[in-house]
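Student: Could you take me through this model, one piece of geometry at a time, with the cut-offs stated as we go?

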Amino acid sequence: MLKQLASANEYIDFINEINRDPNFSDPMLSNEEQIRCNLLDAADRPSNQIWGVFEESELLGLFVFLILEEESYIEMLAGLSRSLQAYEEMLSFLKETYKGYLADFVYNPGNHLLHKLLMGEKSEFEAEQQKMVLKREVPCQSSLQVELYSPKYREQYIAIHSKDGYWTAEKVIDAPDRFRIILAIESGQVVGYIDITHKYEENEPFDVFVRESFRRRGYGRAMLAKAIELNRPKQMMLLVDADNAAAISLYESLGFVRAVGENNITAHVSL
């Protein structure tokens with residue numbers, strides 16, 4: 001039975017038990033700040049909804065979703081369960097209640113229950129992501145022009161920005177409390193960008209791009225080095241395709257190390 005919950009705080013023992021399981025832990029709950037923002041304090045934001053799936057009085061699954069009705073968009077902020085029944089009930093409810101919405105699920109690659117269920121929904125899957133965490137300072141000097149976004153570059157930034165996903169260029173620009181935009185400039189032309197959070201204790205790049213004709217010239221390294229500099233003394237993590245050896249090598253050269261057991265998969269589902 002599915003129940004909407006006013007808070008997840010009374011289920012902390014269940015949360016800790018599932019989140020310690022290497023196959024069913026939630027990559028969106030990998031540190032105390034994420035557990036607080038995505039789960040324990042989720043009820044403080046009206047766009048979030050918390051649901052529990054119960055069998056009589058036993059909790060089988062605990063879920064938090066961001067629901068943006070005006071955009072017909074849903075994102076799973078937390079999903080904790082080792083029960084196929086819980087995932088089935090939750091997905092069935094979403095399909096019935098939010099028909100036509102786009103839903104994004106970020107989950108543990110070891111969670112075969114949710115993965116199989118989403119495969120049955122003809123989901124679009126992104127490549128498995130390797131989490132990497134900044135652990136050491138590596139000096140990085142560059143003569144390339146890298147600077148913070150300013151409105152004079154608005155149209156150029158929008159023109160080269162990824163059009164896929166929720167965070168479009170316009171939405172990133174309109175969220176300065178959440179994002180810092182770093183641009184690579186050559187002869188007055190925007191040739192690359194990084195969208196990176198700055199409001200958390202552990203921040204991360206959401207999008208990194210360099211125009212094809214300007215790649216392999218150090219722009220990606222220079223922008224990331226600038227992001228690291230501006231982020232101090234906060235921590236930083238990033239996600240990279242797990243099979244992208246070249247990118248992983250680049251990030252390792254900048255002081256990042258692989259976070260073992262914290263990879264994730266993202267699935268996009270049309271409900």
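Tutor: H3 passes H4 in a right-handed crossing, where right-handed means that the near helix is turned clockwise from the far one by less than a right angle. This is a predicted model, in which local features need pLDDT of at least 70 and side-chain atom pairs count only at pLDDT 80 or more, whereas totals for chains, interfaces and linings use all residues. Residues are numbered from 1 along each chain as its sequence is written, and side-chain values use heavy atoms, with hydrogens and water left out.

Student: Which residues of H3 and H4 make the contact?

Tutor: Helices (H or I, at least four residues) and strands (E, at least two) are DSSP runs numbered from the N terminus, and contact means heavy atoms within 4.5 Å. On the H4 side the contact is made by Leu113, Leu114 and Leu117, and on the H3 side by Leu84, Tyr87, Glu88 and Leu91.

Student: How far apart are the axes of H3 and H4?

Tutor: The axes are lines fitted to C-alpha atoms over the stretch in contact, and angles run from 0 to 180 degrees between N-to-C directions. Helix H3 (residues 84-97) and helix H4 (residues 112-119) pack at an angle of about 40°, and their axes are apart by 9 Å.

Student: Why do the buried residues of H8 line one face of the helix?

Tutor: Buried means under 20% relative accessible area, exposed over 50% and partly exposed in between, with a 1.4 Å probe and protein chains only. In helix H8 (residues 245-253) the buried residues are Ala247, Ile248 and Tyr251. The arc is that of the directions from the helix axis to the C-beta atoms, and the buried residues of H8 line one face because, seen down the axis, they fall within an arc of 100°.

Student: Against which elements do the buried residues of H8 pack?

Tutor: The face of H8 turned away from the buried side carries the exposed residues Ala245 and Ala246. The buried residues of H8 pack against helix H7 (219-231) and against strands E7 (129-134), E13 (235-241) and E14 (256-258).

Student: What are the edge strands of the open sheet of 7 strands?

Tutor: Two strands pair if DSSP finds at least two bridges between them. The order in this open sheet is E1-E2-E3-E4-E5-E15-E6, with mixed pairing. Each edge strand pairs on one side only, and these strands are E1 (2-5) and E6 (124-125).

Student: How many bridges join E3 to E4?

Tutor: Ile67 has Ile74 in E4 as its bridge partner. Strand E3 (residues 58-68) and strand E4 (residues 73-81) run antiparallel, and the number of bridges that join them is 8.

Student: Is Thr266 buried or exposed?

Tutor: Thr266 lies in strand E15 (residues 265-270). Leaving aside neighbours within four places in sequence, Thr266 is in contact with Phe105, Val106, Glu124, Phe125 and Glu126. Thr266 has 12% relative accessibility, so Thr266 counts as buried.

Student: What is the phi of Arg216?

Tutor: Arg216 is placed in the loop between strand E12 (205-210) and H7, and Arg216 is exposed, with a relative accessible area of 79%. Its phi is a positive value in a residue other than glycine, near 60°.

Student: Where is Pro233 found?

Tutor: The peptide bond from Arg232 to Pro233 is cis, with omega near 5°. Pro233 is found in the loop between H7 and E13.
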